[in-house]
Amino acid sequence: MQAAKHEHWSSGFTFLLAAVGSAVGLGNIWRFPYVVAENGGGAFVLIYLAIVVIIGIPLLMSELMIGRSSQKPPLAAMQSFGGSKAQKLWNAVGWSYLLVPMGILTFYSVVAGWTLDYALGMGIGTFNNLEDGASASMFQELLASPVKLIFWMTLSIGITVGIVARGLKSGLEQTVKILMPALFVILVILVLYASITGDFARSFAFMFEPDFSKITPELVLMAAGQAFFSLSLGSGAIMVYGSYLTRDISIPKMAVGVAFADTGVALLAGFAIFPIVFAFGVDHASGPGLVFVTLPIVFNDMGGIGQIFGVLFFMLLAFAAITSTISLLEPMVAQLSEEGRFKRARAAVYCGAVLWTVGVFVALSNNILKDVHPLGFLPLFEGKTIEGVIEFLSANVFMLLNGLLVSIFVGWSVKRSVTLEEMGLGDSMLFKIWFLLVRFVVPLGVGFIFYDVVL
Ligand code: TRP
């Protein structure tokens, strides 16, 4: 059978919609605000911004380059450069670029499921007239319910498979063309409302006036992990999206665009949440529950209009999640359908079945399997549930390791003539800065982070 044809984005703009869609997700709207709040506000934001510029943008360019230059899905892309003595290592990195997104997807689709549950719940008024403490117990109830968790996870995997099965142009592009503008409009409405009615001044000071004494090694690690996850780095997502780029599009411009938009949305999410959280005097450093426990209380206190904003907010989260889950499924599906003997739709369904099976165990680690610690005998995995192990391996260990190895690959193994041509910057100052960052700064920086997180 002939391998499936390699498609291309209709334009640089549709690539941007899709890549920003991949980057903008639960990481920006759910995780970023609570991590900022837990890590001292402005100090965290400042370090985060520095890491996006120094490590994030050079790595985005590197991953886009590998994809575009090879015109192949991640594993085949890494194999296609060839000729290196370390080729076995690069092949392994290719595998890792396929498997990390699958690992992330198993827990990401469970959390995406929560957002669907909350969007519906807000719509039908489940969160109206909340008694004291009811919001926290409703969130606990969701986590304690295997049926609910598995139902919503199944739906989010189903939606993702349905989109990816249709292919690049009729699946992914059509989806991001609708969801990304919708996401943007909802976000602007929420930010305007929160800034006008809430405590904008305090939120601004909280996010942009750093208290330098709060900068610690742990804060730097948290910021780096958040930046990697938020920019979809160290996994096949950006690489496979890069492989659908045509030659006429500027990789540096696209990378800067993605980083800029992703960071902008994370900051805007802060301005949609903190002003109302401050104005209503609820705890802003409540951790992962900030969005799922604290916000429903605030929406409830707002009265009638709160329900509308509640629905909008959780729709925003759900849209952001879906444009990310499709980018997490795409690398493996593209690899299986372009390089293997599977039709795309079949590959998507098979991947979905594997994800669902593992996802069930992940969902159940919130309740029935809460006390199962699969690798608990190893110090590194002590106390981690099934979910915890998968998340740690995919979103910490291998995501960082991938970024580290790919910067070495691009900086030291790929021919300079290839990188020069792909970047399209000529042998300019900008190219030299990028090359310097990729050769030295990124590997050393990520190596340091990796050492601290994992070893
Ligand atoms: N960046 C997305 C977010 O912030 C999640 C995501 C999509 C991702 N693709 C990825 C994370 C690849 C890591 C790797 O929610």
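## Exercises on a predicted all-residue model

The chain contains 18 helices and zero strands, where helices (H or I, at least four residues) and strands (E, at least two) are DSSP runs numbered from the N terminus. This is a predicted model, in which local features need pLDDT of at least 70, side-chain atom pairs count only at pLDDT 80 or more, and totals for chains, interfaces and linings use all residues. Residues are numbered from 1 along each chain as its sequence is written, and side-chain values use heavy atoms, with hydrogens and water left out.

### Exercise 1. The chain as a whole

Determine how the radius of gyration of the chain relates to that of a compact globule.

Step 1. The radius is taken over C-alpha atoms, and the globule rule is 2.2 Å times the number of residues to the power 0.38.

Step 2. For 455 residues a compact globule would have a radius near 23 Å; the chain has 21 Å, which agrees. The C-alpha trace spans about 65 × 50 × 50 Å along its principal axes.

Step 3. Of the 455 residues, 57% count as buried (buried: under 20% relative accessible area; exposed: over 50%; partly exposed: in between; 1.4 Å probe, protein chains only).

Step 4. Among contacts (heavy atoms within 4.5 Å) with a separation of 6 or more, 81% join residues 24 or more positions apart.

### Exercise 2. The surroundings of Thr323

Identify which backbone oxygens the side chain of Thr323 reaches.

Step 1. Thr323 is placed in helix α14, residues 304-338. Its relative accessible area is 0%, so Thr323 is buried.

Step 2. A polar contact is a pair of N or O atoms within 3.5 Å; within protein, one must be able to donate a hydrogen and the other to accept it, and residues adjacent in sequence count only if both atoms are side-chain atoms. The side chain of Thr323 reaches the backbone oxygen of Gly21 at 2.9 Å, and a polar atom of this side chain lies 3.1 Å from the backbone oxygen of Ala320.

Step 3. With neighbours within four places in sequence left aside, Thr323 is in contact with Gly21, Ser22, Val24, Val176, Leu179 and Met180.

### Exercise 3. Leu295 and Thr246

State whether Leu295 is buried or exposed, and locate Thr246.

Step 1. Leu295 belongs to helix α13, residues 289-301. Leu295 is buried because its relative accessible area is 0%.

Step 2. Not counting residues up to four places away in sequence, Leu295 touches Ile273, Ile276, Val277, Leu290 and Phe313. Val282, 13 residues apart from Leu295 in sequence, is 9.1 Å apart from it in space, C-alpha to C-alpha.

Step 3. Thr246 sits in the loop between α11 (236-243) and α12 (251-279). Its relative accessibility is 27%, so Thr246 counts as partly exposed.

Step 4. Leaving aside neighbours within four places in sequence, Thr246 is in contact with His8 and Arg68. The C-alpha atoms of Thr246 and Phe271, 25 residues apart along the chain, are separated by 36 Å.

### Exercise 4. Positive phi values

Find the value of phi for Gln71 and for Asn129.

Step 1. Most residues other than glycine have a negative phi.

Step 2. Gln71 has a positive phi, near 55°. This residue lies in the loop between α3 (42-70) and α4 (74-81), and Gln71 counts as partly exposed at 21% relative accessibility.

Step 3. Asn129 has a positive phi, near 50°. The loop between α5 (87-123) and α6 (134-144) holds Asn129, which is exposed with a relative accessible area of 69%.
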